[in-house]
Amino acid sequence: MEKHVTVPFDKSVSESLKAGDYVFLDGTVYVARDAAHKRMTQSLAAGNELPFDIKDQTIYYMGPSPARDGKVIGSAGPTTASRMDKYAPQLLDLGQTGMIGKGRRSQAVKDAMIRNKATYFAAVGGAGALLSKCITSSEVVAYDDLGAEAVRKLTIKDFPVIVVMDCHGGCLY
Amino acid sequence: MREIPVESITEAVSEMCIKVCHELSDDMRTCLFDAYEKETSDIGKKILGQLKDNLAIAKEEMIPICQDTGMAVIFMKVGQDVHLTGGDITDAVNEGVRRGYREGFLRKSVVADPIERVNTKDNTPAVIHYEIVPGDKVGITLAPKGFGSENMSRVFMLKPADGIEGVKASILEAVRDAGPNACPPMVVGVGIGGTFEKCALLAKEALTRPAGEHSPIGYVKDLEEEMLDAINELDIGPAGLGGKCTAFAVNINTYPTHIAGLPVAVNICCHVNRHISVEI
Ligand code: SF4
């Protein structure tokens, strides 16, 4: 089924999404990969705040190529989500409701998704040029020194994803 | 002795980096277009359609096909009658990578140390494999490798008694485990024989052989065809969401080995199987 979903979204929206739904996302998402996740969990361990309020937010696991002059961003497709499995449950417990990536997740992430009513979307891996056209703004909001791995805030429009794991335990893989 | 200034190698490598990350070779494009026509799963067809559009956008607007523009793997075949002048050949190759990744707006994905993990910010060093060959030419093959699929690659040290059935089981195990993580449809490079490191190198080099071109060895060609069919029966499908097309090609290279061993390496590549060659 095709749907349009506005990001950020709360748990009730997650509950309405089912594995297999083809979804177009509109709104804002945050971008973070391995290095940024590691730093975020280190900040939490040190008793500090995250660089953004994570409640109801969606994190896109992605590290773009550099933008050419006049472009918002370079190529911008998903990276393998399982590398974030070590960090994701803690962030889901803090209220994160969405994840965008590609590939399988661990049991600990599945459990955290059910517990917190979160949704995992897959974007098509290796379609970074096409996906970049659905990104209308991009701004680095933290960890600029990480280069391609910095935390960004993106505005997206008609961004195509598929629900691969829903908060009811459904999984497409 | 033919003299070749290393600067010409820098220039060639730099141009190759930019081209290969924006435009797939004809063999890979043909695979994708054929798969789109043949795919019977709705979601699979939709995904292959997105990948076709992605290729067109990448080429027209000079946006890399995939944001993971890889670690640069380079095969250098240097003729023994060549005298390289004007500097260190390895520095020259790395300078080409540095320039290409900067001028092509390609992602810098290399960290200087595997544990300390500080980005080198210019995508160097490349992984360079040198071979001395007869002649007075320098052949350069560049294959930037993304790590979504690299991480799913495997080496199996089989026993001779495992035989060809063991090889088949290893290939299928690697592909099944790779599943959606390796951005299918994949290209599967296989190395059989040699030693622990030689079979990995054979598998890597197999990925640079054009899809659809088979091994000249009869049983190996048959194995390539049989494995491609078997992989496409796994129903992993485009993006791992089910469908007929899980792999575009299985390319197998072999080498003599020890009486006690049967090494097998399976190097998985995604549909963005970038390879480009020039001869100077
Ligand atoms: S595996 Fe290939 S297509 Fe997928 S993200 Fe990596 S380079 Fe891109």
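Predicted model: local features only at pLDDT ≥ 70, side-chain atom pairs only at ≥ 80, totals over all residues.

**Aromatic rings in chain A**

A search of the whole structure turns up four aromatic pairs over all chains. Start by selecting Tyr30(A) and Phe52(A): they form a stacked pair, 3.9 Å centre to centre, with 5° between the planes. Tyr30(A) belongs to strand E2 (residues 22-31), while Phe52(A) is in the loop between helix H2 (34-45) and strand E3 (58-60), so the pair ties together parts that are 22 residues apart in sequence. Both Tyr30(A) and Phe52(A) are buried.

Next, pick Tyr60(A) and Phe159(A). Here the geometry is edge-to-face, at 5.4 Å between centres and 75° between planes. This pair links distant parts of the chain, with Tyr60(A) in strand E3 and Phe159(A) in strand E7 (residues 151-165), 99 residues apart. Tyr60(A) and Phe159(A) are both buried too.

While you're at strand E7 of chain A, click on Asp158(A), which lies in that strand. For context, most residues other than glycine have a negative phi. With 31% relative accessibility, Asp158(A) counts as partly exposed.

**Charges over rings**

Stay in chain A and select Arg105(A) with Tyr120(A): the charged end of the arginine sits over the tyrosine ring, 4.8 Å from its centre. Then hop to chain B, where Lys198(B) lies over the face of Tyr255(B), 4.5 Å from the ring centre.

**A serine that touches both chains**

Now go back to Ser132(A), in helix H5 (residues 128-132) of chain A. Is Ser132(A) buried or exposed? Its relative accessibility is 8%, so Ser132(A) counts as buried. Leaving out residues up to four places away in sequence, Ser132(A) touches Ile73(A), Gly74(A), Ser75(A), Ala76(A) and, over in chain B, Ile63(B).

**Helix contacts in chain B**

Show helices H1 (residues 6-22) and H4 (residues 89-103) of chain B. Their axes come within 7 Å and cross at roughly 35°, and the crossing of H1(B) and H4(B) is right-handed. Among the residues that meet are Val6(B), Ile9(B), Val13(B) and Cys17(B) from H1(B), and Ala92(B), Val93(B), Gly96(B) and Tyr101(B) from H4(B). By class, the contact of H1(B) with H4(B) has 11 nonpolar, four polar and five charged residues.

Next, switch to H2 (residues 26-38) and H3 (residues 42-61) of chain B, whose axes come within 9 Å and cross at roughly 145°. The crossing of H2(B) and H3(B) is left-handed. Residues making the contact include Leu32(B), Phe33(B) and Tyr36(B) of H2(B), along with Leu48(B), Leu51(B) and Leu55(B) of H3(B). The contact of H2(B) with H3(B) divides into seven nonpolar, one polar and four charged residues.

Select Phe105(B), in the loop between H4 and E4. Phe105(B) is not a glycine, yet has a positive phi of about 55°. At 24% relative accessibility, Phe105(B) counts as partly exposed.

Finish with two cis peptide bonds. One joins Thr124(B) and Pro125(B), with omega about -5°; Pro125(B) is in the loop between H4 and strand E4 (127-133). Another joins Pro184(B) and Pro185(B), with omega about 5°, and Pro185(B) is in the loop between helix H6 (163-178) and strand E7 (186-194) of chain B.

Note on methods:
Residues numbered from 1 in each chain as written. Chains lettered and ligands numbered in written order. Heavy atoms only, no water. Phe/Tyr/Trp six-rings, centres within 6.5 Å; stacked < 30°, edge-to-face > 60°. Helix = DSSP H or I, 4+ residues; strand = E, 2+ residues; numbered from the N terminus. Buried < 20%, exposed > 50% of the residue type's maximum accessible area, 1.4 Å probe, protein only. Lys NZ or Arg CZ within 6 Å of the ring centre and 35° of its normal. Axes fitted to C-alpha atoms, helices over the stretch in contact; angles between N-to-C directions. Left-handed = near helix turned anticlockwise from the far one by under 90°. Contact = heavy atoms within 4.5 Å. Nonpolar A, V, L, I, M, F, W, Y, C, P; charged D, E, K, R; others polar.
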